[in-house]
Amino acid sequence: MRVPITRLRNIGIMAHIDAGKTTVTEQVLHKTGRIRVVGLVHEGTAHTDHLPEEQRRGITIQSAATSCAWTLDGQEYTVNLIDTPGHVDFTIEVERALRVLDGAVAVLCAVAGVEAQTETVWRQADRHGVARVALINKMDRPGADPVAVMGQMRERLGCDPVPVQAWLGAGDRFTGVLELLGGRVLEWPEGVLTEREPTPEERELLDARREALVERLAELDEPLMESWLQGHDSVGDSEVWSALRRLTVAGRIVPVAFASALKGAGVEPLLDLVARALPSPLDAGSIEGVDGQVRAPSEDEPLSGLVFKVVVDRYAGALAWTRVYSGTLRVGDRVTLSDDGRRVKVRGLMKMDAGAREPVAEAGPGEIVAVTGLGRVVSSETLHDPEAPIALAAIERPEPVVWLGVSPESDPERFADAMGRILTEDPSLAHRVDEETGQTLLGGVGELHLEVTLGRLRDEFEVDVLAGAPQVAYRVTAGREVEHNLRFKRQNGGPGAFADVTLRVTPGRPGQGVRFVSEVTGQVLPREFQAAVAAGVEDGAERGILGEPIEDVDVALVGGAFHENDSSDRDFRSCAAKALVEAVEASAPRRLEPMMRLEVVTTEESLGLVIGDLSKRRGRVLGMEHRDRAVVVVNARVPLAELFGYAGTLRGLSGGRGSYTAERSEERRVGKECRSRW
Ligand code: GDP
């Protein structure tokens, strides 16, 4: 059934790994009737983890969009749930999901609180203006401390958490929650929701907390403040909910609920909160194209939609997961794809429920569907009405930092086909051919990312792949300022070639990339040849030294010469490419090494071993923090190259109790001088 746009919720669940995102998702699907038996993550049967590789690893890798229905106050809502991975190697998945979501549920562990990845995804959500509610999960665990968690949210996430419930007990005494608006006591004996009236003691707690909640919201919301001033006791629940909704949608507060997903407790009120507080596509507002066109979330506007994920299916071909922003997408429609302007006919539309698909005839503003029949399509393309072009901003892609030599064990054709498909599906993968060895290299954003990709090639595409050891993608930069001249000349009868370029190369700031300026006049070198030099500098930087691209340099064109008849753009472009590489080679070039920011959670007993090991890995410890009950969090910066196989080592050192997360650090370590043979 299609619900009105105001009762549509496109949400993601975001969390640090292990906070309970998969368990919460399972419970949501269970409580909304999408699945009858709840899968257990550690048994590898979780519903949204439908890829074999994910099941083996017990982590959620690929986001799966699932629609479910929820009824609140007699009205049906559709909640489109996009499950997003918690591991840093899959941040592009989170990034893609955030682009098409209107709201999110941040799941935090009541014991561990705000963790490294919580902060990362929180910042990503800030960047995309995604409104959030928080769920403090694992309330049943010994040491659960929701007050401390909310303190960390304020301090480390810089948000304003507002509890909409009072929790009844914590740790093994956690029994349920008291709803501050509505005044119901909710409990889950055997995982089944029961409601009762509060006891006199609970009533007292309720009155005090409700009063505090209303006062707090009134400070931030003018309409509520007005009612509140007219009489504290007469402010009705619906008025408070309206204020809470306005403030949440505007990102000014984060409503907080409490749960023990493992015990099936706390999920129904979370769904109520999603329906009440998180934005609908209408609240999310209009969307703007890169050229300034605006589309409102209305059926009367021309069609626009963003393909945010492509999955290549053995039977149905490419399924383009699309969020419709405006207009209506119908089976049989002709639509235009923004990248190459191709017009294609929509063969089919499907709603997705993790494993199962349900064909639909059309999808309106705010809806998420999988489209078939588009042929070759890449994620982050815009679909639009052929008469009303619009291109939405592309989804940011992380650059690959780890490379692996791969080759087919037996069937080269099947291997090539599988590689083609997996590269289409996952835009954070890259491939290139090693110039020296002719070997195919597969690039990814981390070791785990590549491991998972190899696993998918094996399990889903049924190809056996031989893989080498992972290698880090280094970059090079200039060691000192150098001026370098290169002249290209071929004048042996027939059409000649001539170009002369002088470049000055200077070391730049970390992260700036390659910056080019021309310091010559049009008399020295006509504008079009200067433009060709700029393009050539880009080519040269990409080509780099021994396959390692050039980065963080300032390049100036300081001199040149051309020949009336024999010079062409092409000559200048290739001359400049080679001139750049030679200039950097002559500058005592340095290697830039990718660094990771690491958060290791380990036991006090193993701390010495863990730190000793980090320093062996050329790591620098930045700080340590004692958490409850002999748990220590170590922050460090470590070169990516030293982190291969770290998960296993840490398990060994900590007796299986340690865990870590890693995040790309902006900083790169400048290494020793490197040489090439060019
Ligand atoms: P994810 O990595 O965020 O998807 O987390 P999972 O859902 O896989 O949960 C991680 C672990 O925590 C699993 O072993 C779960 O059984 C456990 N877990 C999840 N929710 C709860 C909870 O509410 N209480 C307790 N005690 N454990 C939980």
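The model is predicted, so local features need pLDDT of at least 70 and side-chain atom pairs count only at pLDDT 80 or more, while totals for chains, interfaces and linings use all residues. Residues are numbered from 1 along each chain as its sequence is written, and side-chain values use heavy atoms, with hydrogens and water left out.

**Exercise 1.** Determine which strands pair with β31, and whether β31 is mostly covered.

*Solution.* 
1. Strands are DSSP runs of E with at least two residues, and helices are runs of H or I with at least four, numbered from the N terminus. Two strands pair if DSSP finds at least two bridges between them.
2. Strand β30 (residues 482-490) is joined to β31 in the antiparallel sense by 9 bridges; Arg 490 lies opposite Ala 497 of β31.
3. Strand β33 (residues 553-561) also runs antiparallel to β31, with 8 bridges; here Pro 507 faces Val 553.
4. Of the 11 residues in β31 (497-507), 8 are buried, that is, under 20% relative accessible area with a 1.4 Å probe, protein chains only.

**Exercise 2.** Describe the sheet that contains β7, and identify the helix that lies across it.

*Solution.* 
1. The open sheet has 4 strands in the order β7-β8-β9-β10, with antiparallel pairing.
2. Because β7 (165-168) and β10 (194-196) each have a single partner strand, one side of each is left without a neighbour in the sheet.
3. β7 pairs with β8 (residues 176-179) over 4 bridges, and Leu 168 has Gly 176 as its bridge partner.
4. Helix α6 (residues 200-220) lies across β7, β8, β9 (185-187) and β10, at about 55 degrees to β8. Contact means heavy atoms within 4.5 Å; axes are lines fitted to C-alpha atoms, for helices over the stretch in contact, and angles run from 0 to 180 degrees between N-to-C directions.

Definitions and conventions
Buried means under 20% relative accessible area, exposed over 50%, partly exposed in between (1.4 Å probe, protein chains only).
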